[in-house]
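Subject: Structure for you to look through

Dear colleague,

Please find below the structure that I promised to hand over.

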Amino acid sequence: MANNDSKKYKLGMIGLGTMGRNLLLNMADKGFSVTGYDKDRKMISKLEEEGKKHNLEGFDDIKSFISSLQTPRTLILLVPAGPIVDSVIAELKPLLSKGDIIIDSGNSHFTDTNRRVDELEKDGLHFFGMGISGGEEGARFGPSMMPGGDKQAYNVVKDVFDAVAAKVGTDPCVTYIGPGASGHFVKMVHNGIEYAIMELIAEVYGILKNGLGYSNDDIYKVFKKWNEGRLQSFLLEITAEIFVFKDAETQNDLLDQIKDEARSKGTGKWTSEVSMELQLPVPTINEAVSNRDLSKFKKLRVSLEEAFGKKDTKIAVTVEELEDAFYFSMISAYAQGMHLLVQASKEYQYDLQLQEIAKIWRGGCIIRAKFLEDIYQAYDKNNVLEHLFGDAGIQNIIKGTLAGTRKTISACINSGLGIPAFASTLTYFDTITTARMPSNLIQAQRDFFGAHTFERIDKDGVFHADWNKLS
Ligand code: 6PG
């Protein structure tokens, strides 16, 4: 088939690891003629085996692979982010022609994507950064996809993406995100929100276990029940299952056998870094990143617990109050991520459509949740909404959660139960809803020791005071 010019493939996948293979199989299921390339013959055999019913063909020779594709050629890269992407591009470049499209679907840093877009544009090649969320299952049966790049080039592959993406009703969880690296930027923020929600759920676990004395079975029941209501989400659903999973070796709950040291690949950290760069605070995401890092200091934590003594962290709050605190904080985590997207859209001229982004996050991706429907409705009503807290519907939801939230968070703080993400989320809310902050004092201090000037409330301009002079 590959060497028959009259029957060439619509799309080629580079990298036939589980993600690449699954996405390719998903495309084949939907009736598209697709093929794959991998240096490793074992991966090709796997593809041919799993894609038997589609007669899927794989190549380990890049030249034959490229010449098996229709023009303009569309290539999806599913290779590890970083220098490998550059080396694959270097290998491909001499074999491609003007108008061909390369779509990088790994979790690449958006600044790398910017660079690649510019470099390839010189050769008339279109480079897309496309975040894909949903893990291996998602790739196989319906991910959420965030493609950014040249709009016209997008139209060449739109039908494939619409077909393979997850669906909410009949809406595909994919949309054209915007120019340049906007697709990878949006995926990075998706991951930042993912970190925040995972951290909040972990803190809920800590509260249920150490504050309320719940067993793993009890916690399973709480999460299971929550997941039937307004908190329904993929992350809560999988978390409930974790609490009843047994370790095959010890027959204990596997969760109890796992070290309390969290790892990461970096997308959460990138979100925090960019937020600092854009001067747009996302404290819940920052705490989630920091707390994964803090968890790695196990020895230090053990020795400091000895030094300061083990705390009695029992608290008197109800599960309903805790549920309010979680719902409130989850809303805030999404709100911070969306706020960052608003700012980035202005700064990088991405022209992001927040309602479309919320819409494609309702299914397929890791942060899919019932609440995304509310976010979607809020931005659909007002697509220039600066902050989710500005929406009247969201305000009503938040007002209903505040009493339980404050009671839960203050009880944890009083008893010494560490809840960094919850605490900083509440204080973020209290600050962003304060008309006059004490930041005037910071301006006075800066002007006092460094003559950095200040602005006044009663007239325009910049001013300096001779602070050393006694008035
Ligand atoms: C997704 C996930 C996916 C991956 C994360 C894990 O949307 O499908 O976000 O991209 O699981 O990158 O990130 P960490 O290893 O940093 O937790």
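I begin with Ser133, which lies in strand 6, residues 126-133 (strands, of type E and at least two residues, and helices, of type H or I and at least four residues, are DSSP runs that are numbered from the N terminus). What you have is a predicted model, in which local features need pLDDT of at least 70 and side-chain atom pairs count only at pLDDT 80 or more, while totals for chains, interfaces and linings use all residues. Residues are numbered from 1 along each chain as its sequence is written, and side-chain values use heavy atoms, with hydrogens and water left out.

With a relative accessible area of 2%, Ser133 is buried (buried means under 20% relative accessible area, exposed over 50%, and partly exposed in between, with a 1.4 Å probe and protein chains only). Not counting residues up to four places away in sequence, Ser133 touches Pro143, Ser144, Met146, Lys187, His190, Gly364, Cys365 and Ile366, where contact means heavy atoms within 4.5 Å.

Ser133 is also one of the positions that UniProt, in an unreviewed entry, places under the feature "binding site", and others among them are Asn107, His190, Lys265, Arg292 and His452. Please read such labels with care, since UniProt positions are given in the numbering used here, feature names are shortened, and annotations may be inferred rather than shown by experiment.

Asn107 itself sits in the loop between strand 5 (101-104) and helix 5 (110-121), and at 32% relative accessibility it counts as partly exposed. Its side chain makes a polar contact of 3.1 Å with the side chain of Lys187 (a polar contact is a pair of N or O atoms within 3.5 Å; within protein, one must be able to donate a hydrogen and the other to accept it, and residues adjacent in sequence count only if both atoms are side-chain atoms).

Lys187 counts as buried at 4% relative accessibility, and Glu194 counts as buried at 14%. Leaving aside neighbours within four places in sequence, Glu194 touches Leu235, Ile366 and Ile367.

Turning to the largest pocket, about 2200 Å³ of space lies in it (grid points are joined across faces, edges and corners, and a volume is the space filled by probe spheres set on the points). Of the 49 residues that line this pocket, the closest to its centre are Ala202, Tyr205, Asp260, Asn291 and Ser295. Helix 8 gives the most to the lining, with 11 residues.

With best wishes

Note on methods:
On a 1 Å grid over the protein atoms alone, a cavity is a set of points where a 1.4 Å probe fits but cannot get out, and a pocket is an open set with protein on both sides within 12 Å along at least five of seven lines; lining residues have an atom within 4 Å of a point.
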